[in-house]
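User: I'd like to learn how to read side-chain features off a model. Could you walk me through this one?

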Amino acid sequence: MTTPYETFVRTARDVDAAFADLSYFVDTLDAQFERQAADRKPESELFAELFPSLLHSSLCVSLVSLLEHEMRGYCQALRTALNIPLAISDLNGNWVERFHKYTGHLAGLEFELSESDWRDVGALVEMRICIVHNGGVLDGFAKASMIREFVSKNGAPDIVHGRLSFSRESTLHIMGTGG
């Protein structure tokens with residue numbers, strides 16, 4: 001039988017491999033986009049400016065979705081291995097808060113994350129929600145202050161005219177923060 005620790009290590013390796021794949025994807029697409037930019041006509045500059053940010057914000061959404069998927073799978077493995085009667089979905093809070101409660105209180109595991117680190121992961125989740133449901137616009141977004149705190153602390157992504165704006169550098173920085 002696989003121990004919870006072995007399951008976590010395997011899951012962490014899978015996530016690290018996915019981050020490496022995303023990093024390679026970012027580098028490859030940016031290089032390709034830059035090569036093609038030299039051949040663009042001036043009237044297409046609007047799209048040349050928009051496309052990279054859109055690409056990088058979609059990578060942020062994918063990264064956070066992958067993390068959520070892996071955390072839920074890990075909790076399901078813990079539930080099976082430790083015969084925990086509750087599912088992660090039985091707990092209150094966003095999925096990061098539920099993961100923290102599930103692994104800490106129910107499974108008795110400790111992660112070497114500070115409260116600040118947990119807030120950063122929560123801010124990444126809120127960024128995903130803001131991008132998907134609010135087009136990245138922070139005005140009127142309920143957790144905008146959490147995102148602004150993350151940006152202030154980590155320097156990424158940019159906030160341009162009240163909207164999250166992603167670049168290659170900010171995407172790679174966030175991938176490092178999230179991993």
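User: Let's start with burial: are Tyr74 and Phe99 buried or exposed?

Analyst: Ground rules before that. This is a predicted model, where local features need pLDDT of at least 70 and side-chain atom pairs count only at pLDDT 80 or more, while totals for chains, interfaces and linings use all residues. Residues are numbered from 1 along each chain as its sequence is written, and side-chain values use heavy atoms, with hydrogens and water left out. Now, buried means under 20% relative accessible area, exposed means over 50%, and partly exposed is in between (1.4 Å probe, protein chains only). Tyr74 is buried, and Phe99 is too.

User: What aromatic pairing is there around Phe99?

Analyst: The general idea: rings of Phe, Tyr and Trp (its six-membered ring) pair if their centres lie within 6.5 Å; planes under 30 degrees apart are stacked, over 60 edge-to-face, and the rest tilted. The structure holds 4 aromatic pairs. In one of them, Tyr74 and Phe99 sit 6.2 Å apart centre to centre, tilted with 45 degrees between the planes. This pair links distant parts of the chain, as Tyr74 is in helix α2 and Phe99 in helix α3 (residues 95–106), 25 residues apart. Helices here are DSSP runs (H or I, at least four residues), numbered from the N terminus.
Phe99 also pairs with Phe111, again tilted: 5.5 Å centre to centre and 40 degrees between the planes. Because Phe99 lies in helix α3 and Phe111 in the loop between α3 and α4, that pair ties together parts 12 residues apart in sequence. Phe99 counts as buried at a relative accessible area of 5%, whereas Phe111 is partly exposed at 23%.

User: Which residues do the ring pairs link into a cluster?

Analyst: Tyr74, Phe99, Phe111 and Trp118.

User: On to charges. How many salt bridges does the structure hold?

Analyst: The idea is that side chains of opposite charge can pair when their charged atoms come close. The cut-off is a side-chain nitrogen of Lys or Arg within 4 Å of a carboxyl oxygen of Asp or Glu. The structure holds 4 such bridges. Among them is Arg72 with Glu68, whose closest N and O atoms are 2.5 Å apart. Both lie in helix α2 (residues 45–82), 4 residues apart, which is about one turn of the helix. Arg72 is partly exposed at 40%, but Glu68 is buried at 14%.

User: What is Val125 in contact with, beyond its neighbours within four places in sequence?

Analyst: Contact means heavy atoms within 4.5 Å. By that rule, setting those neighbours aside, Val125 touches Val64, Trp95 and Val96. Val125 lies in helix α4 (residues 115–134) and is buried at 2% relative accessibility.

User: Last one: how many disulfides are there?

Analyst: A disulfide is a pair of cysteine sulfur atoms within 2.5 Å, and the count comes to 0. As for cysteine burial, Cys75 is buried at 1% and Cys130 is buried at 0%.

Note on methods:
Helices (H or I, at least four residues) and strands (E, at least two) are DSSP runs, numbered from the N terminus.
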